[in-house]
Structures are given as C-alpha cells and as structure tokens.
Amino acid sequence: MIREYTMTTLYENSLYREDVQRIASLALPWEKLADKQIMISGATGMIGSFLVDVLLEKNRTEGLGCEITILGRNREKAERRFGKEVPCLHFLKWDVNDPVDSAAPAHVDYVIHLASNTHPVAYATDPIGTVMANVMGLSNLLVYASEHGAERFAFASSNEIYGENRGDTEKFDESYCGYIDSNTLRAGYPESKRCGEALCQAYIRQKNLDVVIPRLTRSYGPTLLNSDTKALSQFLRKGLNGENIVLKSAGTQYYSYTYTPDAVSGLLTVLLLGECGEAYNIADDASDIMLKDLAQIIAEEAGTEVVFELPDEVESAGFSKATKARLESSKLQSLGWKAVYEIREGISRTMRILKETQA
C-alpha cells in the first residue's frame, strides 16, 4: 500500500528535492508569474501537488512572489500534503462542481484546472462525478476566470480524447480524432474531456478568455495517490510490496507515459509559452512502451515476476479499450520543451523515492 505523503516526508528525500529543483530551474519565462495570483484545482493530485511544490520552490529560492490558491473539499488533506500556514499558499474550500464560491479571490491572473477522476475504478463507480468535473467544474472555473481578470486559463486535457487508434497512424498528433463509443460507461471520461475542450474554445471566441490546453498522457511518479487504480499504479504498489506484478491482459497495449516532473514541465511550458486556443501533447518517445514491458521493468526493480490474472467486473468496466495510444509531441517541443527522464529512469526514481518515504 502506498500511503499519502506529507510535504515534510517528500522534502526529506533528496531525489524528490532534486526533481522539484530541476523543474524550478528550467529556462522558462517565470517572470510572467511574478507577483501573480494563481488558482489551481486538483492541487493535491499527482500532477497538481508536484506543480504546487515547484511554484513554492520558486517563491522560496528566487522570490517569485506568486500567491497560490488551491481548491478542494478537504482542508485537512491539503494541510497534510503541504503543511499549515505555508507562505503564499491559500486553501479555498470549494467543490468546483458548485457555482463560484463567494470567498474566492476578487482577482486572479492564472487558473489551472487539474481536478478530475483519472483512473478506472473512479470511472466505473462515479461516472457522473467523472463527467461533471470535466464539464460543469470546468464551466464554473471558466466563468470565474472570465469575470475576475484572468490573463490565462489552462485546462488539463488527456490522451483519452483521441479515442481508439483507427490503424491509420502510429502516433496521435493534436488534430487526430479516433473512435469512441459514446454509449458506454467508460466513455464518460474521454467524451467529457472533448466537451471540455470545446467549451474552452467557446470561451475564447465569446468571452475573449485566453485559454491553452495541455494534453497529458499516462503519468506516474512519487506523488501517486492511494486511490489511483490505473494499471501502472497497481504495478508500482505490487513492486513496492515485494509482490509479483499482475497483468490483467496480454500486455500488448502500446502507450505513451510521462514521469510527473516532465508532465509538470510540459504543463508549465504550455502555460507560459503556448498559443491561445491551441492544444499540446505532453509525451516523449523515450517513454513509449508496451504494458508487458513496463510490468517487466517494475518486476526487475522489485526483484519479483510478472503474472497474469483476469480483471474483476468493476475494473474491466473502467478499462480503456485502446490498444495503441502514442502521442506526437513535436508541437510542444517547438516551444523548447524536452523530457528529462526516459521510462526506465523515471520508474527507478519513483520506486526509490517511494521506498525511502514509506512508513
């Protein structure tokens, strides 16, 4: 079992600090965030929590001076993750599926919407919540941003919007649109992400809001949450517990993966350098891998073996049917982005950090 980590626990780990410092030292136009008001939904999630750590690092070491408001339903969870009374960090109890909270700041410069169900069991057990966060939650934040002076809005979309590979391409560029059977439970996530992107375009045209769309692929890292039920997350848990890695298919699915620090550096690149209205894939060829080979890497790191097992009904209902989902990232690379970690190194760092910070 991977427990939830506190900032103190993670920051006692030299590898995690190195990851945060490396992203905080990238040659990005950080001055755009200087003394700005930044709002982040999903800030205690895997991507959001690392992003917050990077911004706090810039504040601590370089006096960036940005004020960060994180949205959530549970203050205690946020305080466990980031600590209490952290300078420049403010918690706002606000479920984004509800209308704009009256306690929200009167002005905001950047809004980053990361809150979303992102794993199979959540898709299967909370399909309404999955759709609503990507549509209604997004809508509420777009309203807030457009009415409170936002310079830029970033909507974290997903590789899932591409649907199934029709067999006509090796990798998805940002214009690709594959097949999705919308009359299934599993369709709620990709279809709501597609709808969310369309809603962003509507706000650009009708409200003159500046919006960019980073498209994240399958991500992993030491900020992994207990609740995450993605295949890779389960592999990591098994490996950390010294158990065999369980594959619930033949493992021939060929996907793009991203280590959390690289995902966040891509997100920041899009936020600070992306063009309004454009979507950008965050992925790297060196981290494209078949599921069975990924399982083998983790088994080797853990000193265990790969075994095969049929999924249960709840799990299978939330599984993606895509067998090949590799992303083309030259558009993001044209902005100067480059991944730091290939898949084997990212997995090794993840497991080392988690081993060293487990109770």
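Predicted model: local features only at pLDDT ≥ 70, side-chain atom pairs only at ≥ 80, totals over all residues.
## Salt bridges

A search of the whole structure finds 21 salt bridges. Here are three of them, with the N to O distance for each.

| Glu160 | Arg186 | 2.7 Å |

Take the bridge between the side chains of Glu160 and Arg186 next. Glu160 and Arg186 are each found in the loop between E6 and H7, and 26 residues separate them, so this pair too links distant parts of the chain. Both Glu160 and Arg186 are buried.

Arg326 lies in the loop between strand E14 (324-325) and helix H12 (330-333), while Glu170 lies in the loop between E6 and H7, so the pair ties together parts that are 156 residues apart in sequence. How do the two partners differ in cover? Arg326 has a relative accessibility of 11% and therefore counts as buried, as the cut-off for buried is under 20%. Glu170, at 38%, counts as partly exposed.

Which residues belong to the network around this bridge? Salt bridges with shared partners join Glu170, Asp288, Lys324 and Arg326.

## Aromatic pairs

A pair of aromatic rings is described by the distance of the centres and the angle of the planes. The count here comes to 8 aromatic pairs. One of them joins Tyr16 and Phe50, whose ring centres are 5.7 Å apart; with 85 degrees between the planes, the pair is edge-to-face. Tyr16 belongs to helix H2 (residues 14-24) and Phe50 to helix H3 (residues 46-62), so the pair ties together parts that are 34 residues apart in sequence. Tyr16 and Phe50 are both buried.

A second pair is made by Tyr220 and Tyr259, with ring centres 5.6 Å apart and planes at 40 degrees, so this pair is tilted. Here the link runs between strands: Tyr220 lies in strand E8 (residues 218-220) and Tyr259 in strand E10 (residues 254-259), so the pair ties together parts that are 39 residues apart in sequence. Tyr220 and Tyr259 are buried.

Which residues do ring pairs link into a cluster? They are Tyr11, Tyr16 and Phe50.

Is Lys58 buried or exposed? Its relative accessible area is 2%, so Lys58 is buried. Leaving aside neighbours within four places in sequence, Lys58 is in contact with Ala24, Trp30, Gly63 and Leu64.

Helix H6 (residues 127-147) contains Met132, which is partly exposed with a relative accessible area of 32%. Together with Ile128 and Met136, Met132 forms a nonpolar patch on the surface, and the three have about 270 Å² of accessible area together.

How many residues of H9 are buried? The count is 13 of its 14 residues, so H9 is described as mostly covered.

## A cysteine in a loop

Our last stop is Cys177, found in the loop between strand E6 (157-158) and helix H7 (188-207). Cys177 is partly exposed, with a relative accessible area of 44%. Apart from neighbours within four places in sequence, Cys177 is in contact with Tyr162, Arg166 and Arg194. Cys177 and Glu278 are 101 residues apart in sequence, and their C-alpha atoms lie 15 Å apart in space.

Technical notes. Residues numbered from 1 in each chain as written. Heavy atoms only, no water. Buried < 20%, exposed > 50% of the residue type's maximum accessible area, 1.4 Å probe, protein only. Helix = DSSP H or I, 4+ residues; strand = E, 2+ residues; numbered from the N terminus. Patch = residues over 30% accessible without salt bridge, like charges linked within 9 Å, V, L, I, M, F, W, Y side chains within 5 Å. Areas by Shrake-Rupley, 256 points an atom, 1.4 Å probe, with all protein chains shown as cover. Salt bridge = Lys/Arg side-chain N within 4 Å of Asp/Glu carboxyl O. Contact = heavy atoms within 4.5 Å. Phe/Tyr/Trp six-rings, centres within 6.5 Å; stacked < 30°, edge-to-face > 60°.
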